[in-house]
Amino acid sequence: MDSAIKFSVIIPTRQRPDTLEHCLKTVTAQKYHNLDIIVSDNFSEDHTDKLIRSYQQKDSRIKYLNTGKRVSMSHNWEFALSHVKDGWVTIIGDDDALLPSAISRVSSIIQNNNNVYAVQSSLCKYSWPSLNSNRNSYFTVPIKKGYEIRDCKKWLLKVMNGTASYDQLPMLYQGGFVSMDIINKLKKEDAKGIFYKSMIPDVYSAIALALFLDKYLYLYEPLAINGASHHSTGTSHFKNKNTYNSPVQKFYSEGNIPIHKSLQLECTKKFTESLQVMVYESYLQATFLHYRKNLKINMNKQLNLALISAKDQHYDEVEKWVNLILEKHGIKLNFLQSNTLQMLRIFYKTKQILFVINTFFNTRGINLFDMELSNVYEASIVAKTIWMSENKYGYSRIRKILYKTKSLFAKNYNTLSNKSK
């Protein structure tokens, strides 16, 4: 039986019907009636609208919006969010997915935890076949259960210090559910009454919510899948940003919210290849909320962290960008000499290895070509099977259950195998 809690799932999209269809399947499969499924179409010029309307005929919970003109990602998300007035809300990408019964699960958690206004879950990670042609691509599923109440200031400091990822915060995206009471209060804090203040809306939502809230609930059980496809802007930014007509090139060609003035460079309007810089930019864009936490974040340390955490293939570009920002502000990095920097980079990589080892014991990795999962809808069912089986039987029986699950997707196997030849 559905509770009185209303939920809205927002799916922003733009000319991606091939992945959107499977994303929609995972949301319409939610057996929760007090649910609005809002698809916000960023002026697609293909058959996206026909696809959505065909689903509307089967499910009255679906609401179709169209921006009427091409807008930036943040503006599309803001447009969609403006159509939600109350209840709880989450946003998922059009190549992402909800796990079966995710809405019912989070509803139960909210009812059992008074004075919690944001819930963030762990995430499964799935690579679409369109992104990876090799045979070593894995689908990962967290298997831990339970939850904890987290202190926002403590975890925000971890993120700003580079010791935790922003998706550990109460994010309004993949696996993150937030009360509209909080969203509406945050809008009132802003002079223009808007929620998104950065061109990277998922990162900004995590920083802004962590600044505004005192606590949130972190659920170890996954509720959503982070899908990486050839459409993914984030994946494109760090892998093939210079490819003509790539998702990130389209992203930067739109009327985006400008990068914060202290990180702007005349030679480029783009971000460098550093997630830490993106986190810092969102923190700067949320200046109007800084009074709530008093974290004392300074540019010098953030630039150091950008260098320390930069991946080897991106290091030269990040270093060049850091030097240009230093020149702009007429400052010098106050403690990093080249030998010290290299030592800290080695230390950072060691911590990353330890994180991977820890993740290994709390995550199950499945080779996608062994399982032959061709889309996130299939992956969502398998992910739920893995999590439930792990917590009921343990890993020794998972493989048998997974191969039985294969029969559910028999019709897709031949198609995928033919494509891979």
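Keep in mind that the model is predicted. The chain has 421 residues, and 56% of them count as buried. Its secondary structure comes to 17 helices and 11 strands.

**Overall build**
- Take the contacts between residues at least 6 apart in sequence: 81% of these join residues at least 24 apart.
- The chain's accessible surface is about 19,900 Å², and carbon and sulfur atoms account for 52% of that.

- In soluble globular proteins, nonpolar side chains tend to be buried together.
- Here, the largest nonpolar core holds 74 residues, and the ones touching the most other members are Leu81, Leu169, Leu172, Ile183, Ile207 and Leu209.
- Helix 7, which covers residues 201–212, gives the most to this core, with nine residues.
- A separate core has 33 residues, including Val27, Tyr55, Ile92 and Leu223.

**Two loop residues with positive phi**
- Most residues other than glycine have a negative phi.
- Asn294 isn't a glycine, yet its phi is positive, at about 50 degrees.
- You'll find Asn294 in the loop between helix 10 (275–285) and helix 11 (299–309), and with 53% relative accessibility it counts as exposed.
- Lys296, also not a glycine, has a positive phi near 60 degrees.
- Lys296 sits in the loop between helix 10 and helix 11, and it's exposed, with a relative accessible area of 68%.

Technical notes
Residues numbered from 1 in each chain as written. Predicted model: local features only at pLDDT ≥ 70, side-chain atom pairs only at ≥ 80, totals over all residues. Heavy atoms only, no water. Helix = DSSP H or I, 4+ residues; strand = E, 2+ residues; numbered from the N terminus. Buried < 20%, exposed > 50% of the residue type's maximum accessible area, 1.4 Å probe, protein only. Contact = heavy atoms within 4.5 Å. Areas by Shrake-Rupley, 256 points an atom, 1.4 Å probe, with all protein chains shown as cover. Core = buried A, V, L, I, M, F, W, Y, C linked by side-chain atoms within 4.5 Å.
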